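Visitor: I would like to learn how to read a few features of a model like this one. Could we go through them one at a time, with the general idea before the particular case?

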Amino acid sequence: MEFYAKSETKETIKDHTNQLFKRFKLYQKLYQEKLPLTEEDWNLLKLSIQYHDIGKADLYFQNVIRKAMGLESVPVRSQYQVQHNVLSVLAIPEELIPDSYDEERLLYQIIAFHHERNRPIHQAEVLSNYEKNMLPYKKEIEAHMGYAIENNPDVTRLNLISIGDRIRPSDGNIFHRYILLKGLLHRLDHAASAHVPIELSHDLAVGDYVNRFMERAFNGAKKELQQFTETNQDKHVVVVAQTGMGKTEAGLLWLGKEKGFFTLPLRVSLNAMYDRIVNPDKIGFSQITDDHGETATGLLHSTSLDYLLDTIEGDDSTLEKVHAQSKEFANKLVISTIDQVLKFPFFYLGFEKEYATMASSKLIIDELQAYNPKIAALLVRAMAMIDEIGGSFLIMTATLPDFYYKALQRELKQPNKPLHYGEFIDDRVKRHNVSIREKSILDCAQEAAEAGKKKKVLMICNTVNQARELYKEVIRQLYKEIVHRHPEVEEQIETQTWSEIHKVVVQHYPNVHLLHSQFTQKNRKRLESKIIEFAKSEETGIWVTTQLVEASLDIDFDVLYSEMASLDSLFQRLGRCNRRGIKPIDMINVHILINDVSGVGSVYDQDIYQRSLALLSEQNGLLLETKKHELIQRLYDEEALAGTAFKAEFDETLRQLKSRPLYEIGKQKAQSLLRDFQQNQVVPAMFLELDEVQQAINDWENANKRFERKEDIKRAKRKARRTIEQYSVSINKFKNLSISDFYGIKGLYIAECQYDTKLGLLTEEADGFFS
């Protein structure tokens, strides 16, 4: 009799188990000397692999699989739906159970909880299924697997009772052994189920590729930051570095020959980083095989599969495999958002897989300044936990709040690796001549419009609504100027609607654009590409944006107009003006507007904003990099922030994380806590009339009828959803919109509102704003 483990692939339990052993051998070869595991630990892991899925031989479970495969059912004497991982514990023969109490607990719990169902274990039901559905087929099961299962009722009952309470930090050293062994079993099991290797391109060293790139591009010359990280590969490192210091190369040089994770806060930044790293004309850390596609560098975020499908030539199944490899952490280097790899401080069900992976890896956190106090606290906690498990971290940031670093030092009381800090700030490159102005950014529309005729002008607002109003005002000022020069133009427009006036303006000034987060995915991609192309060109014009451009886009403008913001955010904006410091600064090129500022108290913490305003008020004129650094240090001084809501939020989050209970929430809940879970995808109702959207809805609804294989059904539905999502907008919890479910597609909604290709999502009528 065949005993099946998977219905989709018709894979037997023996075949699946053998796939785990195949991956185990490679993993042990690569990491046996690096991980703090004894020979007994590795033997425990082997025994766990051997028996982890044998409970699937339960005939009740087999009938579920056989039904999915279209096979005839077999007679069953016990009809309980029992977790196969618990049954697996009962099958371990008495002679294989370790003598040590600690190792016995490890073995039982690694197997019993290698699937985290968060369901109670009903002992009578488990014993009934084992004794009535498995033991009568003992010989068949043993013949199938090639090894024995226990048949003594006293032993099986004792095994079940001995699963006991979950292993916790209070159990001492056994806890970290449990983390490593259970986490490795998760990785091996998931990789085998996904039919991807446990490790890919393990013989490649990203540091070698960076060095070759540096030879080609810079004759091997390395900047001070890059030398610092390369010489401190064996330590935890925190660096504060301004724009232009070569942070990407510095981070990759720190990784050297080790497996690494490189995290950034924004998906668009990750996509650009991935392209740069795999590009053979740049760093070129890439290895492509016929069986696995790209194996050296992986990309991992919530829409990374869509990005691969949209940008890389190849059939969908190959790209899906490439994505699966990244999800299983198989690549030598994984470019990722933090929610994909740093959820483990929440101790969610199954957190051991992520955490154990960090024990044999090095982690880079780039742009720490982009995270709010809650996420920063989680990152500090994660860094301390990584040190405990034996991993390494590098934090690279343009600005570092003083109390974040002090908190990290406190958490690393007796670190396994030393913590090295470095500052890399160079005043020789002068970028910004600043004017602090008591005006609203809306009052600068005419001035900016005039400047945009001869220069590249960037205007940044704190909120989407303010950006829209500013864009309208810029259009209004340009229209007035056109009418003043050509009075006949006004006579040619009958109703003076938004679309008619906008059309006149862009005919005379084509490079006037608005960019913010509330455009459809399709329009936003187009606008992001357009602003990058514009920045590289010799053209002049105006772009009105939000803080979306602070860290995500590599752009360089001549003049910046910005609403006042917190200093760390503001200095990121300054990095989008005269980015390389090669433009003249004898004239003011940065205008900071401090009246009627939007987003204070919502986008930016009130205390931090007011302190930022007070610190910046005296800084008119040349603003050097050292001065920016000094101001940030003063802004986030631990003593000065005592009693503020900002610091209280950080401190309280860190306190809660350090005392957080284990095994209480699921993976998806943990992931939502690391994302802006108030964001929702809405499709304006007007797009439902499009043939492309109608066809996609039809494809989604009929996928089950058109295809038989689950993989084909999923692929068809994903393709349909991707088409629909091109017309979706991310918004905060629906605002005041009337919404409804989108034809049963989870996470998508229909919004009863207007949408304008120049303004984005509208909650109010767009026409008539010139009156």
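Visitor: In what order do the seven strands of the open sheet lie, and what is the pairing?

Guide: Please keep in mind that this is a predicted model. In general, strands of a sheet pair through backbone hydrogen bonds, either parallel or antiparallel. Here the order is E14-E15-E13-E16-E17-E12-E18, and the pairing is mixed. Strand E14 (512-515) and E18 are at the edges with a single partner strand each, so one side of each has no neighbour in the sheet. Ignoring direction, neighbouring strands of this sheet are turned against each other by 25° on average.

Visitor: Where does Gln-619 lie, and is Gln-619 buried or exposed?

Guide: Gln-619 belongs to the loop between helix H26 (606-616) and strand E18 (621-623). Its relative accessible area is 9%, and because buried means under 20%, Gln-619 counts as buried. Leaving aside residues up to four places away in sequence, Gln-619 touches Val-434, Lys-627 and Leu-631.

Visitor: How should I read the phi value of Phe-347?

Guide: As a general rule, most residues other than glycine have a negative phi. Phe-347, by contrast, has a positive phi near 50°; this residue is in the loop between helix H16 (338-341) and helix H17 (352-359), and it is buried, with a relative accessible area of 5%. Tyr-663 also has a positive phi, near 60°, and is found in the loop between helix H28 (645-658) and helix H29 (667-674), where Tyr-663 is buried with a relative accessible area of 7%.

Visitor: How many residues of helix H25 are buried?

Guide: Helix H25 (residues 567-574) is mostly covered, with eight of its eight residues buried, and these include Asp-568, Gln-572 and Arg-573.

Visitor: What is the volume of the second largest pocket, and which residues are closest to its centre?

Guide: Rolling a probe the size of a water molecule over the atoms shows where empty space is left. The second largest pocket has a volume of about 350 Å³, and of the 18 residues that line this pocket, Phe-61, Val-64, Gln-81, His-84 and Arg-117 are the closest to its centre. Strand E1 (4-6), helix H3 (59-69) and helix H4 (84-90) each give two or more residues to the lining, and H3 provides the largest share, five residues. By type, the lining divides into seven nonpolar, six polar and five charged residues.

Key. Residues are numbered from 1 along each chain as its sequence is written. This is a predicted model: local features need pLDDT of at least 70, side-chain atom pairs count only at pLDDT 80 or more; totals for chains, interfaces and linings use all residues. Side-chain values use heavy atoms; hydrogens and water are left out. On a 1 Å grid over the protein atoms alone, a cavity is a set of points where a 1.4 Å probe fits but cannot get out, and a pocket is an open set with protein on both sides within 12 Å along at least five of seven lines; lining residues have an atom within 4 Å of a point. Grid points are joined across faces, edges and corners, and a volume is the space filled by probe spheres set on the points. Helices (H or I, at least four residues) and strands (E, at least two) are DSSP runs, numbered from the N terminus. Ala, Val, Leu, Ile, Met, Phe, Trp, Tyr, Cys and Pro count as nonpolar, Asp, Glu, Lys and Arg as charged, and the others, Gly among them, as polar. Buried means under 20% relative accessible area, exposed over 50%, partly exposed in between (1.4 Å probe, protein chains only). Contact means heavy atoms within 4.5 Å. Two strands pair if DSSP finds at least two bridges between them. Axes are lines fitted to C-alpha atoms, for helices over the stretch in contact, and angles run from 0 to 180 degrees between N-to-C directions.
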